[in-house]
Amino acid sequence: MKNKIDLFDQLVAAHADAVRKGDTIPYTSLNGHMYSYFSKDGFLALRLPGDARESFLKRYNTSLVTAYGIVQKEYVMVPDDLLEQTAELKPWFDKSYEYVSGMKPKAGKKS
């Protein structure tokens with residue numbers, strides 16, 4: 001298996017408008033809303049809207065993300081074998097991007 005972070009970078013590069021951020025915890029965000037991140041536990045978490053989230057959970061037999069004992073209701077764990085298949089994972093990544101693009105931008109810090 002390729003390095004998981006390299007696979008994440010490959011996925012991000014496949015989306016024209018996505019930008020990978022973060023050094024220790026690689027992630028993507030738009031207008032202040034994170035929509036994917038690579039956890040310190042070594043898995044990719046993807047933020048999906050309700051209908052897509054349910055479909056993803058069933059199709060890939062995976063679960064919601066739990067971080068620091070808290071279930072992150074909008075994030076699904078991406079199975080490692082799916083992470084290796086950029087073409088199959090990309091439509092889900094695209095849905096994640098679309099989902100946060102419809103959210104009101106978070107207020108930025110004043111300088």
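Modeller: Contact here means heavy atoms within 4.5 Å. The model is predicted. With that cut-off, Leu89 touches Leu11, Leu44, Leu46, Phe56, Val78, Leu82 and Leu83, leaving out residues up to four places away in sequence.

Leu89 belongs to the largest nonpolar core, which has 25 residues. Leu89 is among those with the most contacts inside this core, together with Leu44, Phe56, Val78 and Trp92. Several elements give two or more residues to the core: the helices α1 (4–13), α2 (50–60), α3 (80–83) and α4 (86–101), and the strands β3 (33–38), β4 (44–47) and β6 (70–78). The helix to examine is α4, as α4 gives the most, with five residues.

Now the helix neighbours. Two packed helices are described by the angle between their axes and the distance between the axes.

Take α2 first. The axes of α2 and α4 come within 11 Å and cross at roughly 155°. Angles over 145 degrees count as roughly antiparallel, so α2 and α4 are roughly antiparallel to each other. The crossing of α2 past α4 is left-handed. From α2, the contact uses Ala52, Ser55, Phe56, Arg59 and Tyr60. From α4 come Glu88, Leu89, Trp92 and Lys95. By class, this contact has five nonpolar residues, one polar and three charged.

Next, α1. Its axis and that of α4 are 10 Å apart, and the two helices pack at an angle of about 60°. That angle makes α1 oblique to α4. The crossing of α1 past α4 is right-handed. Here Gln10, Leu11 and Val12 of α1 meet Thr86, Leu89, Lys90 and Phe93 of α4. The contact of α1 with α4 divides into four nonpolar, two polar and one charged residues.

One more residue deserves a look. Tyr97 also sits in helix α4. Its relative accessibility is 14%, so Tyr97 counts as buried. Setting aside neighbours within four places in sequence, Tyr97 is in contact with His15, Asp17, Leu30 and Tyr35. Tyr97 and Leu48 are 49 residues apart in sequence, yet their C-alpha atoms are 8.6 Å apart in space.

How values were computed. Residues are numbered from 1 along each chain as its sequence is written. This is a predicted model: local features need pLDDT of at least 70, side-chain atom pairs count only at pLDDT 80 or more; totals for chains, interfaces and linings use all residues. Side-chain values use heavy atoms; hydrogens and water are left out. A nonpolar core is a set of buried Ala, Val, Leu, Ile, Met, Phe, Trp, Tyr and Cys residues joined through side-chain atoms within 4.5 Å. Buried means under 20% relative accessible area, exposed over 50%, partly exposed in between (1.4 Å probe, protein chains only). Helices (H or I, at least four residues) and strands (E, at least two) are DSSP runs, numbered from the N terminus. Axes are lines fitted to C-alpha atoms, for helices over the stretch in contact, and angles run from 0 to 180 degrees between N-to-C directions. Angles under 35 degrees count as roughly parallel, over 145 as roughly antiparallel, 65 to 115 as roughly perpendicular and the rest as oblique. A crossing is left-handed if the near helix is turned anticlockwise from the far one by less than a right angle, and right-handed if clockwise. Ala, Val, Leu, Ile, Met, Phe, Trp, Tyr, Cys and Pro count as nonpolar, Asp, Glu, Lys and Arg as charged, and the others, Gly among them, as polar.
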